[in-house]
Amino acid sequence: FDVDGRTSAKARYLELREAEVRYRTLVEQIPAITYTLVPDSSAAEGYRGVYVSPQVNELLGYTPEEWLTDSGFWRDHVHPGDADRAWQEWVRARDSGSPYQSEYRMLHRDGHVVWVSERAVILKDSAGRPWAVQGVMVDITERKRVEEELERAWQREREAAAHLRDLDDMKNLLLHAVAHDLRGPIATVLGSAMVLENSLIDLDEDKRDLIRGVGAGARKLNRLVNDLLDLERLERGLVEPD
């Protein structure tokens with residue numbers, strides 16, 4: 001190169017370095033782990049990490065160097081209950097070339113569980129060959145905690161509603177049974193009162209009043225029982241109010 005050419009190459013190099021600094025400054029300020037992988041057939045997962053942002057220390061308690069020097073770091077630190085599912089989701093995305101997205105648990109250095117939401121895209125060259133994977137991992141532990149609390153509250157609500165329905169069914173059953181059981185004795189009292197009312201001519205006024213009272217009370221009880229039975233039939237949908 002001539003002097004101008006060397007100057008131009010140096011300028012391009014400085015521009016690339018400045019762009020890299022700006023990129024690192026940006027990704028290392030956001031509250032998420034950002035990473036870059038490149039294809040590597042010798043790596044356990046088929047890709048080798050070349051960059052992991054320092055947020056991995058805050059999220060999982062490990063340094064970027066520990067992640068990058070261990071080709072199986074990701075698989076080893078995913079919760080055993082989620083490892084196979086998350087891996088199969090990654091394999092499907094990798095083989096189809098579609099964006100990868102998944103939510104799963106990881107294990108912090110101290111042993112506690114961290115929920116993460118991971119998103120990644122496979123970058124390809126002009127020939128369609130993968131040359132890098134760019135991804136981000138966000139801590140969603142608090143969101144999952146709230147979701148679990150809401151689910152437990154909703155479960156308690158469903159159980160309480162089911163208990164209330166059981167109590168209502170029991171109430172209706174008892175109401176039906178009691179109302180039907182009362183009809184027999186009430187019919188007996190009412191029939192006897194009607195017979196006595198038809199023979200009041202031979203009784204004095206006080207006895208007549210007593211018999212009329214018994215008849216009136218029996219008729220009132222009969223109406224109340226019929227009303228209870230009507231309510232029970234309404235609740236069961238056997239009749240409709242007019």
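Helices (H or I, at least four residues) and strands (E, at least two) are DSSP runs, numbered from the N terminus. This is a predicted model, in which local features need pLDDT of at least 70, side-chain atom pairs count only at pLDDT 80 or more, and totals for chains, interfaces and linings use all residues. Residues are numbered from 1 along each chain as its sequence is written, and side-chain values use heavy atoms, with hydrogens and water left out.

**View 1. The whole chain.** The chain holds seven helices and five strands. Read from the N terminus, its elements run α-β-β-α-α-α-α-β-β-β-α-α. The chain has 242 residues, and 28% of them are buried. Buried means under 20% relative accessible area, exposed means over 50%, and partly exposed lies in between (1.4 Å probe, protein chains only). Contact means heavy atoms within 4.5 Å. Of the contacts with a separation of 6 or more, 47% join residues 24 or more positions apart.

**View 2. The largest nonpolar core.** A nonpolar core is a set of buried Ala, Val, Leu, Ile, Met, Phe, Trp, Tyr and Cys residues joined through side-chain atoms within 4.5 Å. The largest one has 28 residues. Leu60, Trp74 and Tyr104 touch the most other members. At least two residues come from each of strands E1 (33-39), E2 (47-52), E3 (100-107), E4 (113-124) and E5 (130-139), and from each of helices H2 (55-60), H4 (73-77) and H5 (80-96). H5 gives the largest share of this core, six residues. In soluble globular proteins, nonpolar side chains tend to be buried together.

**View 3. Around Trp74.** Neighbours within four places in sequence are left aside here. Trp74 then contacts Glu45, Trp67, Ala86, Trp87, Tyr100, Tyr104, Met106 and Glu118.

**View 4. The pairing of H6 and H7.** Two packed helices are described by the angle between their axes and the distance between the axes. Axes are lines fitted to C-alpha atoms, for helices over the stretch in contact, and angles run from 0 to 180 degrees between N-to-C directions. Helix H6 spans residues 141-197 and helix H7 spans residues 205-235. Their axes come within 8 Å and cross at roughly 155 degrees. That makes H6 roughly antiparallel to H7. Angles under 35 degrees count as roughly parallel, over 145 as roughly antiparallel, 65 to 115 as roughly perpendicular and the rest as oblique. The residues of this contact divide into 16 nonpolar, six polar and seven charged. Here Ala, Val, Leu, Ile, Met, Phe, Trp, Tyr, Cys and Pro count as nonpolar, Asp, Glu, Lys and Arg as charged, and the others, Gly among them, as polar.

**View 5. Asp227 on H7.** Asp227 lies in helix H7. Its relative accessibility is 43%, so Asp227 counts as partly exposed. Asp227 and Ala179 are 48 residues apart in sequence, yet 9.4 Å apart in space, C-alpha to C-alpha.

**View 6. Val121 on E4.** Val121 is part of strand E4. At 36% relative accessibility, Val121 is partly exposed. Not counting residues up to four places away in sequence, Val121 touches Pro99, Ala132, Val133 and Gln134. From Val121 to Gln134 is 13 residues in sequence and 5.6 Å in space, C-alpha to C-alpha.

View 7. Ser71 sits in the loop between helix H3 (64-68) and H4. Ser71 is partly exposed, at 41% relative accessibility. Ser42 is 29 residues from Ser71 in sequence and 9.1 Å away in space, C-alpha to C-alpha. Glu58 belongs to helix H2. With a relative accessible area of 72%, Glu58 is exposed.
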